[in-house]
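I opened this notebook to record what I looked up about charged side chains and their pairings. The entries follow in the order in which I made them.

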Amino acid sequence: MASSAIASSSTSFINKKDVGLSAFSSQPSFCIQTAKKKMVSKKIFSVMLPQQSERKPATTGSVKTGMTMTEKILAKSCGKPEVTPGENVWANIDVLMTHDGCGPGTIGIFKKQFGQNAKVWDPEKIVVIPDHFVFTANERAHRNLDTLRDFCTEQNIKYFYDIKDRGNFQVNPDYKGVCHIALAQEGHCRPGEVLLGTDSHTCNAGAFGQFATGIGNTDAGFVLGTGKLLLKVPATLRFVLDGEMPNYLLAKDLILQIIGEISVAGATYKTMEFAGTTVESLSMEERMTLCNMVVEAGGKNGVIPADKTTYDYLKDKTSVPYEPVYSDGGARFLKEYRIDISKLEPLVAKPHSPDNRALARECKDVKIDRVYIGSCTGGKTEDFMSAAKLFQVSGKKVKVPTFLVPATREVWMDIYSLPVPGSGGKTCSEIFQEAGCYEPASPSCGACPGGLPDTYGRLNEPKVCVSTTNRNFPGRMGHIEGQIYLASPYTAAASALTGYVTDPRDFLM
């Protein structure tokens with residue numbers, strides 16, 4: 001067995017380099033005049049800036065400070081040659097997304113502030129995706145969908161992924177599912193752009209090398225009318241992940257390691273930029289997992305440099321031209337963290353915080369009641385492929401109810417059509433059925449945000465659940481006394497087979 005990557009209270013595999021605030025700002029020199037009598041008075045009578053003499057341009061040209069990816073994107077969006085952390089800029093927005101949870105409130109603010117007959121700034125840059133409270137009998141939730149539909153018709157919104165027949169999502173050709181994954185699959189995520197959404201996990205799109213962050217309804221209402229928003233440029237934390245990824249780890253383990261190291265407040269209003277050989281080796285879906293959970297560390301946004309993997313993913317998804325940007329060699333990072341991924345072990349986040357990090361093997365005595373695989377964090381095609389792989393290798397049946405909630409229509413179709421590597425041609429659905437899992441549900445956010453009492457997979461009782469979702473605060477996924485262990489799809493599947501929190505290496509090694 002590999003040596004432990006973390007101790008209970010600390011880790012020895014991350015090195016931090018403090019750059020210091022002096023890298024971000026310079027204080028002007030002041031000349032202070034004082035009145036003199038018998039002694040120098042300490043009272044300040046005036047403060048004057050030193051005299052400035054006219055300076056000629058340097059013969060070598062203008063001097064430009066190195067910028068990070070996020071700084072470059074925001075500089076471009078506000079029309080400035082450069083920006084610095086802490087600076088407030090009016091950013092021009094490339095894409096605004098809203099969903100059924102926040103859309104009606106955003107629409108109400110827009111109409112109140114701009115007028116009942118006002119028109120949005122650009123109907124082709126607004127994306128409306130129902131996903132939160134779709135499959136429920138609640139009439140108020142249905143009214144939210146009606147509000148979105150009426151507004152999109154009135155404003156001629158091009159990208160409205162509607163659902164009318166909630167009894168069978170398959171008969172709704174426009175319905176997609178979870179907004180963050182649908183944004184990627186439908187080509188709305190593009191390098192170098194600014195994407196805002198009325199959901200905290202909008203940072204998911206940073207995997208494409210763009211600035212993506214969640215905003216509130218008031219800000220979104222303003223963007224609907226103007227296409228602009230005042231944003232403060234965040235400082236950047238850089239995470240360099242190197243080393244070969246062990247076959248029992250997934251990106252969920254990596255982000256849980258980072259959040260456990262810096263805490264849920266460690267990146268408050270900061271960019272989390274990911275780099276290194278490990279990151280370069282990740283697929284787009286795994287990169288999304290990394291960026292998706294930066295908000296659980298308080299981050300403003302997460303970002304990964306675009307490369308061939310990015311371009312290949314986008315090839316058949318968008319014809320909109322885009323311009324990727326990369327951090328300069330002299331870019332200013334607030335801190336740099338380095339992690340040797342080859343030494344990490346499978347992790348979980350114990351209740352009730354995403355930074356309550358522990359080794360999966362340290363929790364082997366925790367008896368569980370169910371497993372939930374789904375959400376924007378852990379409900380993508382590769383997440384289900386990973387779970388199916390572990391089930392197939394084990395040849396065992398699950399010992400606790402195992403809920404499967406695909407993020408989108410495309411993921412749902414993949415579960416039923418794509419063969420799992422090494423399975424002899426079996427699909428995920430066939431493997432899940434053999435393992436005794438519940439049938440994959442209709443694509444949506446499902447129980448991740450808690451939802452209404454009739455939400456599929458919701459914790460309506462104080463149960464213990466291993467989940468591939470992103471938050472485990474009290475009341476998340478339902479019951480206020482529920483116990484949620486956040487984990488990768490590998491760890492979730494392994495736990496389903498034993499009825500306890502289980503290290504996936506018990507089946508994969």
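Entry 1. I began with Lys 176, which is buried, at a relative accessible area of 17%. The model is a predicted one, and every value I note here is computed from it.

Entry 2. I then asked which residue the side chain of Lys 176 meets in a salt bridge. The partner is Glu 186, with an N to O distance of 3.7 Å. This pair links distant parts of the chain, 10 residues apart. Lys 176 lies in the loop between strand E7 (159-160) and helix H4 (179-185), while Glu 186 lies in the loop between H4 and strand E8 (194-197). Glu 186 counts as partly exposed, at 27% relative accessibility.

Entry 3. I turned next to Arg 149 and Asp 146, whose side chains form a salt bridge at 2.9 Å, N to O. Both residues belong to helix H3 (residues 139-155); they are 3 residues apart, so about one helical turn separates them. I looked up their accessibility as well: Arg 149 is buried at 17%, whereas Asp 146 is partly exposed at 37%.

Entry 4. I also examined Lys 315, which forms a salt bridge with Asp 312. The closest N and O atoms of this pair are 3.5 Å apart. Is Lys 315 buried or exposed? Lys 315 counts as exposed, with 63% relative accessibility, and Asp 312 as partly exposed, with 34%.

Entry 5. Finally, I searched the whole structure and found 23 salt bridges. I noted one network of salt bridges that links Arg 238, Asp 242, Glu 273, Glu 336 and Arg 338.

Note on methods: Residues numbered from 1 in each chain as written. Predicted model: local features only at pLDDT ≥ 70, side-chain atom pairs only at ≥ 80, totals over all residues. Heavy atoms only, no water. Salt bridge = Lys/Arg side-chain N within 4 Å of Asp/Glu carboxyl O. Helix = DSSP H or I, 4+ residues; strand = E, 2+ residues; numbered from the N terminus. Buried < 20%, exposed > 50% of the residue type's maximum accessible area, 1.4 Å probe, protein only.
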